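Here is a short briefing on a structure. Look it over first, then read the points below.

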There are 2 protein chains.
Amino acid sequence: MKSDISKYIKRCFELAKKGKGHVSPNPLVGAILVKNGKVIGKGYHKKYGSAHAEVNAINNSTEKVAGSTLYCNLEPCCHANKQTPPCVPLIIEKKISKVVISNFDPNKEVNRKGVKQLREAGVEVITDVLENEGKDLNKFYFKYVKDKLPYITLKIAQSIDGKISLARNKQTWLTGKESKKFVHKLRSEYDAVLVGAGTIRTDNPLLTVRNVKGRNPIRIIIDGKLNIPLKSKILNSNDPESTWIITSRNVDEKKIKVLSKKGLRVFKIATKRQTKLELKKIMKVLAKQKITSILVEGGRNIFSQFLKEDMFDEVIILQAPKVLGSGIGISNIKKIKNLKLLSVKKLGDDTKLIYGKNLSD
Amino acid sequence: MKSDISKYIKRCFELAKKGKGHVSPNPLVGAILVKNGKVIGKGYHKKYGSAHAEVNAINNSTEKVAGSTLYCNLEPCCHANKQTPPCVPLIIEKKISKVVISNFDPNKEVNRKGVKQLREAGVEVITDVLENEGKDLNKFYFKYVKDKLPYITLKIAQSIDGKISLARNKQTWLTGKESKKFVHKLRSEYDAVLVGAGTIRTDNPLLTVRNVKGRNPIRIIIDGKLNIPLKSKILNSNDPESTWIITSRNVDEKKIKVLSKKGLRVFKIATKRQTKLELKKIMKVLAKQKITSILVEGGRNIFSQFLKEDMFDEVIILQAPKVLGSGIGISNIKKIKNLKLLSVKKLGDDTKLIYGKNLSD
């Protein structure tokens, strides 16, 4: 019985994942209805603004849902001040007799209230099934709701000896095709990718999704002095409204006008010093724009600043099987930053190492 | 039947491994005698100069060996100009009817001759069973016999960003206790460990085996100018004859006398330039001393030289979950060195990455 519960919750996770890249700032949610040991309905949250997973499972069901058990990775919602009607009253109305969830919704308007309402209506509720896996699946959502900041991942492609390029301002391709594909997959799942102005000057990237199917992320460039070349590919894309420039308040207004005319969005951030932008301020501005997750792609100065200001949740190292010796390292921080190894595996000829924060620091 | 053959050869590998650290310059060999589906005898080569695995298996057998099958990871020997009598005549004399091996012996005096003699005497011989695993088990022996050079492994403990210490001449402990234990295990298996004079000055190591059971390796120091401090722990060990100093011919003879008086061995190598030692010359000298395997433990200049001169067979990276930013990198080579990832796994909080040569270079 217990393993059946885990099995159905795992299927909810799999369903939920289908929404990756499309539901933000909402969570990824999958739902399954089971009656007499048989799955009678399933659904997932497909797109921000569209029906919730529970509603889709109920609507797709092949039998009457009364008396069935609803499996869902997240606590059903009970608040009305949003785009779609709440799920809890529907579950009660449809006489679903039991609800099994992985995580309570961290959103204060729902947190434990959804479960409470269900129980008060006589619905049996089981909670915290595979709760760590559930939290990991919705790591963007949990971070965003709890800290009101995006989940930040530093993605660093490097040599064995921690070099990201052969020399300053020299584009160096280190990793193989499997790593490239993996990066494009990440881009299709994160709300935004972020680079510094130096990366635009050196690599002239598009930062779009090309090697896998998926939607393009918002492209964010931190450029305190606003001096990236106007001919850069990223400033001349088909969807200029998806390229956002973060700059300082004291920058030349004429420059901003040129960029705005191209259709790009420019955000001006207050700075203490001349043009040094504080990451936390930037992240708060981006969170207000409903950016729940950011993939930081470089370069060295950007990585250093995120590490130094402790503004990251995850570091993904794609390590190519090369020793560069001389070259540009991943950071110029002065103090040791301790991380925690979460996972490591081969990725083609490269190695994918995933680190999280070291909370004992 | 086929899987039975593999199973018995695997057991030979396991038996052979018991000799690790004790049989050099001989190969690791294990042997099993099977009669009517039952193991009737097993043995392994325990120590250089002592009986071969085949002889031990025959001597340990619980039944008459006539008509049995001998499993052995290496081709039985047929040459007499050595410490122990050859195995092939014994196998024939004992009327063993079948021999199954993993590898032909690369030693020219035996290579394919042992198998030929057995077949000529009417013994059925099956060869090349799990031959890659067999070669990997005896990688030291194959390298030493084929190239007349030791098998060289660079062992590098580093941060994520490829730093081995915080600053020049500053000892920095990066990796955890599991990595330390692993290094001591390696030391107990390699014939010798090797470091540069800088590592002696900075870390003042003993380079002995302490965290695991096992014998101490020969400790080799490359010190072209012969200026390591005479108080260094490594120059004052209980077994000074196991500490070898490699220096240049043009060094002060008085310095050599002081070291020789302590019981240490000093090797003088001819140099083209003032004191720059060529690694290949050093390795040839060490191979003549029957050193078949060397674990190179640092520091940066030594790693750089081995990489530059292409004098390595394997690179083991023990990567600690830290970003150092500033600090001393693993090498100062100027040209990219491509390697090949062989394996990667977690080791405590660290990551163990094993690289081999990239032969497509």
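What rotation, and how much shift along its axis, superposes chain A on chain B? A rotation of 180° with 0.0 Å of shift does so, at an RMSD of 0.0 Å. The two copies are thus related as by a two-fold rotation axis. The superposition is by least squares on the C-alpha atoms of residues with pLDDT of at least 70 in both copies.

This is a predicted model: local features need pLDDT of at least 70, side-chain atom pairs count only at pLDDT 80 or more, and totals for chains, interfaces and linings use all residues. Residues are numbered from 1 along each chain as its sequence is written, while chains are lettered from A and ligands numbered from 1 in the order in which they are written.

**Overall build of chain A**

- Chain A holds 11 helices and 17 strands. These are DSSP runs numbered from the N terminus: helices are H or I with at least four residues, strands are E with at least two.
- The C-alpha trace spans about 65 × 45 × 40 Å along its principal axes.
- Of the 361 residues, 47% count as buried. Buried means 20 or more other C-beta atoms within 10 Å of a residue's own; exposed means 12 or fewer; partly exposed lies in between, with C-beta atoms placed from the backbone.
- Take the contacts between residues at least 6 apart in sequence: 70% join residues at least 24 apart. A contact means that two C-beta atoms, placed from the backbone, lie within 7 Å.

**How the copies meet**

- Of the residues of chain A, Gly162(A) comes closest to the rotation axis, at 2.4 Å for its C-alpha.
- The copies meet through the same surface, because 100% of the interface residues of chain A are also interface residues in chain B.

**The shared sheet**

- An open sheet of 10 strands runs in the order β11(A)-β10(A)-β9(A)-β8(A)-β12(A)-β6(A)-β13(A)-β17(A)-β16(A)-β14(B), with mixed pairing.
- At the edges stand β11 (265–269) of chain A and β14 of chain B, each with a single partner strand, so one side of each has no neighbour in the sheet.
- The link between chains is antiparallel: β16 (337–347) of chain A pairs with β14 (322–323) of chain B over 2 bridges. Strands count as paired if DSSP finds at least two bridges between them.
- Lys337(A) has Val323(B) as its bridge partner in β14(B).
- β16(A) also runs antiparallel to β17 (350–357) of chain A, joined by 8 bridges. Here Lys345(A) has Lys352(A) as its bridge partner.
- β16(A) and β17(A) form a hairpin with 2 residues between them, and Gly348(A) in the turn has a positive phi of about 65°.
- β13 (314–319) of chain A pairs antiparallel with β17(A) over 6 bridges. Ile317(A) is partnered with Leu353(A).

**Backbone points to check**

- Most residues other than glycine have a negative phi, and most peptide bonds are trans.
- Lys95(A) has a positive phi near 60°. It lies in the loop between α3 (87–93) and β4 (98–103) of chain A.
- Lys148(A) has a positive phi of about 50°. With 11 C-beta neighbours inside 10 Å, Lys148(A) counts as exposed.
- A cis peptide bond joins Ser24(B) and Pro25(B), with omega about 5°.
- Another cis peptide bond joins Gly298(B) and Gly299(B), with omega about -5°.
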